[in-house]
Amino acid sequence: MSGVMKRMGMIFRAKANKALDRAEDPRETLDYSYQKQLELLQKVRRGVADVATSRKRLELQLNQLQTQSTKLEDQGRKALALGREDLAREALSRRAALQQQVTDLETQHTTLQGEEEKLTLAAQRLQAKVDAFRTKKETIKATYTAAQAQTRIGEAFSGISEEMGDVGMAIQRAEDKTAQLQARAGAIDELLASGALEDQTGGKDDIQSELDRLSGGSDVELELQRMKAELAGGSSSSQQAIEGGQNGQSANGQPQDTPRFDKQ
């Protein structure tokens, strides 16, 4: 059962992967990746801005503390000049506390400044990568679009070729049917002319058919009489020639002299 479930899971993943592959558009994927990189770059820039803001705030606090420290030093000096050593000591004590805060803020300022420089450098590098990716993305998209257009044109030509093949087959079938119909029409005409097939259209009735038959018979009789006349005429000519040969004598009843050929 476990093996069957694993196999079903593998088949499902394979089908899902194939479906996702058909649905995926590389151009959309590239645009999405570019958008994510822009968002990351924006976060880095925002981080640089936050660090810079914190550094600037520390600088303002340092300036205030240094101003207060200078003021306490002046107050202690004046109190000591007036013989108020206690006030001078208090002023110097407060100044020392402020000085410790100044030292801590300066350390934080140095740390923030280093972080700001690192983030600024990272932002610059990331900006260069994003720009390079954008150029490559547009190149890939243009290439993909051109390849897709070529594929569609090829498929269109292939479809046209298949369609033209179908058209050629249709023309051939039409020509075959036309020839078949012409042959059938010719056969019907011959059958109608010979009388083997009766014309049901009412074009000829029985009387007309009989007249046509008699007319055809008359033509045959006339041709036969003509041939007999020719034969009779030929026989008369032959008889006259024969009679002329038998009567090859002179008018006085003597046979005509037959020419002699003397032997040389």
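**Notebook: charged and aromatic side-chain contacts**

I started at a ring. Lys137 lies over the face of Tyr34, 5.0 Å from the ring centre. I note that this is a predicted model.

**Entry: Tyr34.** Is Tyr34 buried or exposed? I looked up its relative accessible area and found 16%. Tyr34 is therefore buried, the limit being under 20%.

I then searched for aromatic pairs. The count came to 1. The pair is Tyr34 with Phe133, and the ring centres are 6.4 Å apart. Their planes stand at 15 degrees, so I logged the pair as stacked. Tyr34 belongs to helix 2 and Phe133 to helix 3, so the pair ties together parts 99 residues apart in sequence.

**Entry: salt bridges.** I went on to charged pairs. Side chains of opposite charge can pair when their charged atoms come close. How many salt bridges does the model hold? I counted 14.

**Entry: Lys141 and Asp31.** I checked this pair among the salt bridges. The N to O distance between the side chains of Lys141 and Asp31 is 3.2 Å. Lys141 sits in helix 3, residues 85–194, and Asp31 in helix 2, residues 26–81. I looked up accessibility for both partners. Lys141 is buried at 18% relative accessible area, whereas Asp31 is partly exposed at 29%.

**Entry: Glu39 and Lys36.** I turned to a pair within helix 2. The side chains of Glu39 and Lys36 form a salt bridge at 3.7 Å, N to O. What separates Glu39 and Lys36 along helix 2? They are 3 residues apart, so about one helical turn lies between them. Glu39 is partly exposed, at 35% relative accessibility. Lys36 is partly exposed too, with 41% relative accessible area.

**Entry: Arg77 and Asp74.** The closest N and O atoms of Arg77 and Asp74 are 3.4 Å apart. Arg77 and Asp74 are 3 residues apart in helix 2, again about one helical turn. Asp74 has 35% relative accessibility and counts as partly exposed.

**Entry: shared partners.** Tyr34 in turn stacks with Phe133. I closed the page there.

Conventions: Residues are numbered from 1 along each chain as its sequence is written. This is a predicted model: local features need pLDDT of at least 70, side-chain atom pairs count only at pLDDT 80 or more; totals for chains, interfaces and linings use all residues. Side-chain values use heavy atoms; hydrogens and water are left out. A salt bridge is a side-chain nitrogen of Lys or Arg within 4 Å of a carboxyl oxygen of Asp or Glu. Helices (H or I, at least four residues) and strands (E, at least two) are DSSP runs, numbered from the N terminus. Buried means under 20% relative accessible area, exposed over 50%, partly exposed in between (1.4 Å probe, protein chains only). Rings of Phe, Tyr and Trp (its six-membered ring) pair if their centres lie within 6.5 Å; planes under 30 degrees apart count as stacked, over 60 as edge-to-face and the rest as tilted. A charge sits over a ring if NZ of Lys or CZ of Arg is within 6 Å of the ring centre and within 35 degrees of the ring normal.
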